[in-house]
Amino acid sequence: MERTHSCNALRAADCGKTVTLCGWVKRRRTLGNLIFVDIRDREGITQIVFDPASCEAAHDAARDIRSEYVISVTGTVRSRGDQVNKDLPTGEIEVLASSLKIFNSAETPPFHLDNEDPTDDLRLRYRYLDLRRAHLQKALGLRHKVALAVRNRLDSLGFWEIETPVLSKSTPEGARDYLVPSRVHHGKFYALPQSPQLLKQLLMVAGMDKYFQITRCFRDEDLRAERQPEFTQIDLEMSFAEKEDVFAVGEAIMKTAFETAGYSIETPFPHMTWQDAMDGYGSDKPDLRFGVVIQDVTKAVAASEFAPFAAALEKGGSVRCINVKGGASFPRRKLDEFSEIAKKEKVKGIFWAKYEEDGRKSPIKGLGDGEWAALEKQMGAEKGDCLIMTADASIPACKALGMVRLAVGQELKLVPENTFAFTWITDFPLFQFSEEENRWVSEHHPFTSPNALDIDILEKDPGHVRSNSYDLVINGYEVGSGSVRIHDPQLQDRIFRLLQLKPEQIEDRFGFFINALKYGAPPHAGVAFGLDRLTMLLTGRNNIRDVIAFPKTLKATDLMSEAPSTVSPEQLDELAIAVTRTEEEENQE
């Protein structure tokens with residue numbers, strides 16, 4: 001094509017050069033005898049001028065072009081004089097056209113490409129048009145640069161990039177597997193990997209020492225703004241390593257990623273235990289960009305006759321409180337909204353006390369003067385503040401106030417822009433009890449090692465066993481998760497038995513892995529960082545769909561290609577599969 005420059009490359013120093021640009025017509029306008037066209041590619045925009053006095057043929061051809069036509073233009077770079085467009089890097093120049101070639105015409109797009117509404121399904125249906133918009137192209141460009149920089153950084157640290165299979169064995173690790181039927185082995189299935197967890201541990205058994213992979217993973221789970229059924233993670237594993245070694249590598253990766261995006265960050269990152277995160281922020285992924293910390297005020301109100309407090313304390317619960325500076329200005333309607341948010345965590349709501357500017361306070365009946373004094377002293381309450389409390393079992397109470405805290409931060413605009421707060425969350429519970437299954441299940445996955453100090457209470461008190469796991473949290477998002485792994489086959493067997501896995505289940509699901517541990521597994525640890533969420537944060541977006549080329553909807557559908565879709569009876573017959581009911585039939589029911 002003999003394209004000489006991108007549409008973002010030319011500057012004042014290029015005046016007088018003959019250039020050829022290729023791209024899409026962003027817009028066309030006529031001023032007297034002149035036709036102005038903005039030509040766009042993924043790098044940027046350049047203004048083209050068609051002047052009949054310079055080239056009548058090119059000017060005549062330009063009359064026919066419209067938005068989104070694909071064209072090539074050759075011409076001479078010249079200054080725009082006093083008509084500089086300060087919003088464009090190329091705003092000091094324009095190209096006086098000497099020839100025009102139209103590669104392809106275009107129908108009128110179904111939506112205006114300058115509109116940035118990311119929730120419109122129409123844009124996902126025409127994603128190839130949506131991706132022409134500047135902010136999406138910049139996001140994908142940054143994603144590429146971050147992945148490349150991280151890959152090079154890990155190479156410099158001695159990691160090898162090793163690919164693991166996409167078609168693997170179903171070894172449930174929490175979420176549902178996406179299953180792939182085998183045509184050759186009827187009735188048997190591959191699973192798409194939720195992560196390369198066992199395979200990367202086997203690479204450590206194999207002596208690969210330091211592994212990484214920027215890999216696709218798949219989880220058949222309900223979606224949210226920061227989730228997709230298929231996603232990309234920066235996956236790594238290290239032999240002869242403890243969590244501190246993983247922290248150092250993880251922080252090097254983050255420093256590289258953020259520097260690539262133009263940010264300077266400080267390392268090492270702070271650490272916070274899971275218990276402290278839950279107590280202070282009501283979340284295991286706390287947003288630390290603003291304060292409003294939850295406090296336990298149980299002692300201050302222990303003698304209260306206020307019925308909700310007394311009932312919670314009688315059942316062994318607690319009373320938790322946040323002090324919202326300036327919150328006395330909240331109308332009752334807003335406080336009711338906060339209460340509804342709290343109720344989503346299955347508490348009865350919130351209780352509040354305003355400290356009005358004139359010195360009056362809205363009291364909670366049943367608190368005596370001494371209790372008020374203790375409460376005010378602990379919380380540092382003063383005029384203009386609003387104390388918001390809830391009373392319940394400790395974890396629900398903290399979770400409820402944690403959700404209210406986030407709503408308060410948004411309402412009062414407490415979160416500073418273009419800031420990042422990092423923390424490693426450590427010491428998660430190793431297990432959680434499943435009421436549905438009536439047994440203990442793994443908080444992360446069953447290959448996570450317990451805290452060495454808690455191994456003696458594994459069977460005696462599994463609910464208080466801490467794990468040797470860790471999450472990296474940035475601005476309230478879990479960006480990375482990992483753990484020190486179990487490398488002792490006897491300890492791994494204890495964990496499986498505590499999870500009430502039968503010997504035949506262990507053999508069927510994990511036999512190949514347990515067998516490998518018997519041949520000399522080194523101590524090892526690893527972590528995986530979500531490239532999608534990381535890029536979302538680096539670009540300042542609030543939905544990972546904005547940093548993925550072809551994302552799915554919240555119902556896990558691709559509106560552009562209409563996937564998932566039905567397949568022919570012949571394909572099903574080859575796989576020995578019969579469809580017993582369809583989505584349409586379920587909807588009719």
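Residues are numbered from 1 along each chain as its sequence is written. Because the model is predicted, local features need pLDDT of at least 70 and side-chain atom pairs count only at pLDDT 80 or more, while totals for chains, interfaces and linings use all residues, and side-chain values use heavy atoms, with hydrogens and water left out.

Let's start with arginine 40, which sits in strand E2, residues 34-40 (strands are DSSP runs of at least two residues, helices of at least four, numbered from the N terminus). Is arginine 40 buried or exposed? Its relative accessibility is 9%, so arginine 40 counts as buried (under 20% relative accessible area, 1.4 Å probe, protein chains only). Its side chain makes a polar contact at 2.8 Å with the side chain of glutamate 68 (N or O atoms within 3.5 Å, one able to donate a hydrogen and the other to accept it).

Now the second largest pocket (an open set of points on a 1 Å grid, with protein on both sides within 12 Å along at least five of seven lines; lining residues have an atom within 4 Å of a point). Its lining has 32 residues, with Tyr178, Ala563, Pro564, Ser565 and Thr566 nearest the centre. Strand E7 gives the largest share, four residues, and strand E8 and helix H16 each supply at least two.

Conventions. On a 1 Å grid over the protein atoms alone, a cavity is a set of points where a 1.4 Å probe fits but cannot get out, and a pocket is an open set with protein on both sides within 12 Å along at least five of seven lines; lining residues have an atom within 4 Å of a point. Buried means under 20% relative accessible area, exposed over 50%, partly exposed in between (1.4 Å probe, protein chains only).
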